[in-house]
Amino acid sequence: MKAVVVEIKNKYTALLLEDGRIEKVKSENYTIGEVIEMKEKKTEGNTKLRRMITLASSAAAFIVLCGLGVWAYVAPYSYVSMDVNPSIKFMVNRLGYVISAEAVNEDGEDIIEGLDFSSLSNLPIEEALELAIEEVEKQGYLVGDEAGMIITTANKNEGEAQELLLKLQVMAQEQVREEGYEVEVEGLAVGLARVEEAEALGITPGKLNLIEKLSESSENPEEIDIEEWKNSSVKDIMKAIKENKKDNKDRDDEDKDDGDEDDEDKDDEDKDDGDEDDKDEDDDIGKNESKTEKKNNGNKNNDEDEDDEDDEDEDEDDEDEDEEDDED
């Protein structure tokens, strides 16, 4: 059983228990407003004695609640919101009980009216959220494909916000599945500053976060206007995000294909240029070989001519020698 520390005096601490009783225990470095877990004790004795203890406890609770107890019970401690298209928010005290429930949009007002606040007030947040989901189901908001739900929690202590979120998200997912609905339940734990930012826009932090995801997925983020989307259902926003992601993937695939085609064309061009270069080089080599051959042939002819001339000179010399011999 949970209890809130409402008073510390000397060696003793006064605790406000969940059932409204006040219990005095020895102090153990507690602080005012701290929530602790208490082991339940069985009251021994006859029925009359138990009634007297209950009356005494109620009287004591009334006295303390007039002071620190009132603050501990009614002070908001955690924030919880639920978005489907109806958006509602709960304020929860340190003991985990709902102290207020409000609609955030027009559809949310229908849910609150269908439940009657008195049925939610002073309930543990788990039970209050369960009733709200039942009313959302009753009014037909979970019917259809791709229905979506967002549960958001906020607290000064991020660890407590995350712990509460995990518990509520699992509970909500199990509840809708048991009812036969294929609903994607997203969870989000945020700080109180994010709650203030969302409330200034008239929406929940969960809806604000979803619209920002839509903007990030869009080819033109500047065209996503929060005012235009804040009254849209979670289902419609999620659907738009999925479509954007699909379009982005298709564009990436097209760009990749175009890039591959450009690379192939470039490779073909390079290959053609290489072939032409090789052909030109072969032509140049052929021309050079032809020139060299011609040159060699020319040199050979010149050598032959010179040899012929030498032979003629030798013949002339022989004739001159013969003539000289005849004269002698």
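## A tour of salt bridges

Select Glu102 first: with 41% relative accessibility, Glu102 counts as partly exposed. Keep in mind that you are looking at a predicted model.

A salt bridge joins Glu102 and Lys89, and their closest N and O atoms lie 3.9 Å apart. What parts of the chain does the pair link? Glu102 sits in strand 7 (residues 98–103) and Lys89 in strand 6 (residues 87–92), so follow the chain between them and you will find them 13 residues apart, in distant parts of the chain.

Now stay on Lys89. Is Lys89 buried or exposed? Lys89 is buried, as its relative accessible area is 16%, and the cut-off for buried is under 20%.

Keep Lys89 on screen and select Glu199. These two also form a salt bridge, with 2.8 Å between the closest N and O atoms. Here too distant parts of the chain are linked: Lys89 is in strand 6, while Glu199 is in helix 6 (residues 192–200), 110 residues apart. Glu199 counts as partly exposed, at 37% relative accessibility.

Show Lys89, Glu102 and Glu199 together, and you have a network of salt bridges.

For a last stop, move to Lys230 and Glu227. They form a salt bridge whose closest N and O atoms are 3.3 Å apart. Lys230 counts as buried at 18% relative accessibility, whereas Glu227 is partly exposed at 46%.

Methods: Residues numbered from 1 in each chain as written. Predicted model: local features only at pLDDT ≥ 70, side-chain atom pairs only at ≥ 80, totals over all residues. Heavy atoms only, no water. Salt bridge = Lys/Arg side-chain N within 4 Å of Asp/Glu carboxyl O. Helix = DSSP H or I, 4+ residues; strand = E, 2+ residues; numbered from the N terminus. Buried < 20%, exposed > 50% of the residue type's maximum accessible area, 1.4 Å probe, protein only.
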